Amino acid sequence: TTTQDNTDDDGGVLRDIELPDDWTVAATSVGSSNFGLDDDDLLLEDVDENNVEEVNRSIEAAAARASKLADALSIATTITSEKRATKREGAYRALFKSITQYATGNEGMEILQSRWDIVLEACLYTLQGKGNSTPAEQYAACRVLEASSVVLGEDRDDVAENLNGPLKKIINATGRVAQVRSAALRCLAMVHFICGTNCLEEGEDATAVLALCEKVSAESYRGETVSPILRATALDCWSLLSTTFSDAFIAAGDSDDDYNLGQGLQLLPLLAECLESTDQSLRRSAGECVSMIHECRLNLGMDEEEAANRTERAYRRGSWDGSEWEVLMDEVKQRCAELSVESGHHMSKKDKKEQRATFRDFMSTIVDDENPEEIVNWRGGKVTLNSWQEIIKLNFVRHCLQGGFQIQLMTNETLQAIFGAVFDGSGMPLNQLEKRMYMSKTSEAAKAADKAMTKQRRTRTNVKNHFLTADGDDI
């Protein structure tokens, strides 16, 4: 349980109960959360423009999505009057699903915009603790607002202004559940990343949110010990907002230039401390943050042609050699090397495998000055990412949208501009027969892949069981 009570806007006392660490708004455990909405016609159809039947089916699917979106958004009007907490939570789950999966393209954005005031009123009602709202409801309300900001798109300072105060109040409430505060911080960062224009007054802009993330990521905040979950979230949010600033703002300056000292350099001692934590998510967030700062440092003073050469990257102005942080970065490199090969019974096999792979990627950048690479493919388009800044954006947006990530990336112009999505004609749409031939689990390709995997498993088993006698003969 939490250590401090909260007071809502009506003067009532809220006693929050902790949520599980893996709590998510995308879960389906709450009864009647779909409100009669099925999964038919939710995803974009592959359309052959020369086939009139498929074109008509695509138009019908788009109309069905728009209708389901409007129906789901109408649920927001019932939240403030609903007395049952499970129904309210189910309503937020339905809203989240509809916004992430149905609100596609300009039409989806316009429908959400027409109901935005109602959705905002319902979410703020819950976040203020009215109606004896539970932590699960508050968490879901934050996720709905976060997803809405992605759909509403850029140049929406009004959205940032409306949410700045309420979200900061939740983040600063040390008695609130850690997952709720984390969701509020993620929502605040996403709102400023997508909707903000850096034209807000000082104290309400992205720079102020960046400073808030630095404070919350510390071991203690406002006289209370900060949960590792919230600290990891704060570092993720800091990394996301840092991508909106220049490399110099993050990693420029030396010890004798305190005025122009980069924000990332000031954060390095804290990141080194977080890498020593026993919490895996906090270590990962810290390692990713260090990788991005290191990348920004190396990019200082180099154009693209110079930055592409690894030798140039290591010995140009962006090097740590001779700086105040050279010793600290050596310690960070050593710690990342240890985490990339860490073993023991205190971690599950899955966690160890994930941590090793993650920190090997960090090592490639921090030690070898190599660029990361990640490619997101879908039929007819792709996104190629070659920097930690781009990967941080991708992971944050993917976490926000959950199952609606790909459909939003395919239809949301703001996301396409952020990631530089490329659409081509290399993946022509398949008809129903071709889908069964190439994509079905019983297709020849699937059978061949299954046979190859079986052979690989057999080979690994034989290697493990292969022993030699003293005479050199196989047993």
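How many residues does helix 10 have, and how far does helix 10 reach from its first C-alpha to its last? In this predicted model, local features need pLDDT of at least 70 and side-chain atom pairs count only at pLDDT 80 or more, while totals for chains, interfaces and linings use all residues. Residues are numbered from 1 along each chain as its sequence is written, and side-chain values use heavy atoms, with hydrogens and water left out.

Helix 10 has 15 residues and reaches 21 Å from its first C-alpha to its last, close to the 21 Å expected at 1.5 Å a residue, the expected span being 1.5 Å times one less than the number of residues. Helices are DSSP runs of H or I with at least four residues, numbered from the N terminus. Helix 10 is mostly covered, 13 of its 15 residues being buried (buried means under 20% relative accessible area, exposed over 50% and partly exposed in between, with a 1.4 Å probe and protein chains only).

The largest pocket has a volume of about 1300 Å³; a pocket is an open set of points on a 1 Å grid over the protein atoms alone, where a 1.4 Å probe fits, with protein on both sides within 12 Å along at least five of seven lines, and lining residues have an atom within 4 Å of a point. The volume is the space filled by probe spheres set on the points, which are joined across faces, edges and corners. Of the 39 residues that line this pocket, Asp236, Ser281, Arg284, Glu354 and His399 are the closest to its centre. Helix 10 (228-242) is among the elements that give two or more residues to the lining, whereas helix 17 gives the most, with eight residues.

A search of the whole structure finds 13 salt bridges, each defined as a side-chain nitrogen of Lys or Arg within 4 Å of a carboxyl oxygen of Asp or Glu. One of them joins Arg186 to Asp236, with the closest N and O atoms 3.6 Å apart. Arg186 lies in helix 8 and Asp236 in helix 10, so this pair ties together parts that are 50 residues apart in sequence. Arg186 is buried at 11% relative accessible area, and Asp236 is likewise buried, at 9%. The side chains of Arg284 and Glu288 also meet in a salt bridge (3.5 Å, N to O); these residues are four apart in helix 13, and are therefore separated by about one helical turn. Arg284 is partly exposed at 26%, whereas Glu288 is buried at 7%. Salt bridges that share partners join Arg186, Asp236, Arg284 and Glu288 into one network.
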